[in-house]
Amino acid sequence: MKGIVNLSLVITIFLYTAQAQQHHGYDADGDEHKDYYSPPHYMYEYKVHDPHTGDMKSQHETREGDVVKGYYTLHESDGTIREVHYTADKHNGFNAEVKRIGHAQHAPVYGYHHSVGLEHGY
């Protein structure tokens, strides 16, 4: 009985190894195929919208091989929105176009007083 269990284990391991070789880098003739370079491809995106803290921003980026394209936006403290569209590749480097959307509105300054002596000519 012990010999049958061991033989069954050997056959199972052999079949698993053969299947792994077939699906992981070996072609139909048994020759190993090595893919040393696969061009990177990805896409990601995120958004934050927190009215309690005023944190509002987003970003989107894609990459196909050596070419990256994307944009991001963020709400500035003066009420404007900064929008940046960018590209990057090995020939042109990093390039960005920055836009400011809206009109800046600054909060009033409290607690600032003019010098009393200058008002009266002293």
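Predicted model: local features only at pLDDT ≥ 70, side-chain atom pairs only at ≥ 80, totals over all residues.

Mentor: Residues are numbered from 1 along each chain as its sequence is written, and side-chain values use heavy atoms, with hydrogens and water left out.

Trainee: How many bridges join strand 1 to strand 2?

Mentor: Strands are DSSP runs of E of at least two residues, numbered from the N terminus, and two of them pair if DSSP finds at least two bridges between them. Strand 1 (residues 41-50) and strand 2 run antiparallel, and the number of bridges is 10.

Trainee: Which residue in the hairpin of strand 1 and strand 2 takes a positive phi?

Mentor: Four residues lie between the strands of this hairpin. The positive phi, near 80 degrees, belongs to Gly54.

Trainee: Is His60 buried or exposed?

Mentor: Buried means under 20% relative accessible area, exposed over 50%, and partly exposed in between, with a 1.4 Å probe and protein chains only. His60 is placed in strand 2. Because its relative accessibility is 18%, His60 counts as buried.

Trainee: Which side chain does His60 join through a polar contact?

Mentor: A polar contact is a pair of N or O atoms within 3.5 Å; within protein, one must be able to donate a hydrogen and the other to accept it, and residues adjacent in sequence count only if both atoms are side-chain atoms. For the side chain of His60 the distance is 3.1 Å, and the partner is Glu45.

Trainee: What is the distance of the polar contact made by the side chain of Glu83?

Mentor: Glu83 is found in strand 4 (residues 81-89) and is buried, with a relative accessible area of 18%. Its side chain makes a polar contact with the side chain of His85, at 3.1 Å.

Trainee: Why is the pair of Tyr72 and Tyr86 classed as it is?

Mentor: A search of the whole structure finds three aromatic pairs. Rings of Phe, Tyr and Trp (its six-membered ring) pair if their centres lie within 6.5 Å; planes under 30 degrees apart count as stacked, over 60 as edge-to-face and the rest as tilted. The rings of Tyr72 and Tyr86 have centres 6.5 Å apart and planes at 50 degrees, so the pair is tilted.

Trainee: Which residues form one aromatic cluster?

Mentor: Tyr72 in strand 3 (residues 67-75) and Tyr86 in strand 4 are 14 residues apart. The cluster consists of Tyr72, Tyr86 and Phe94.
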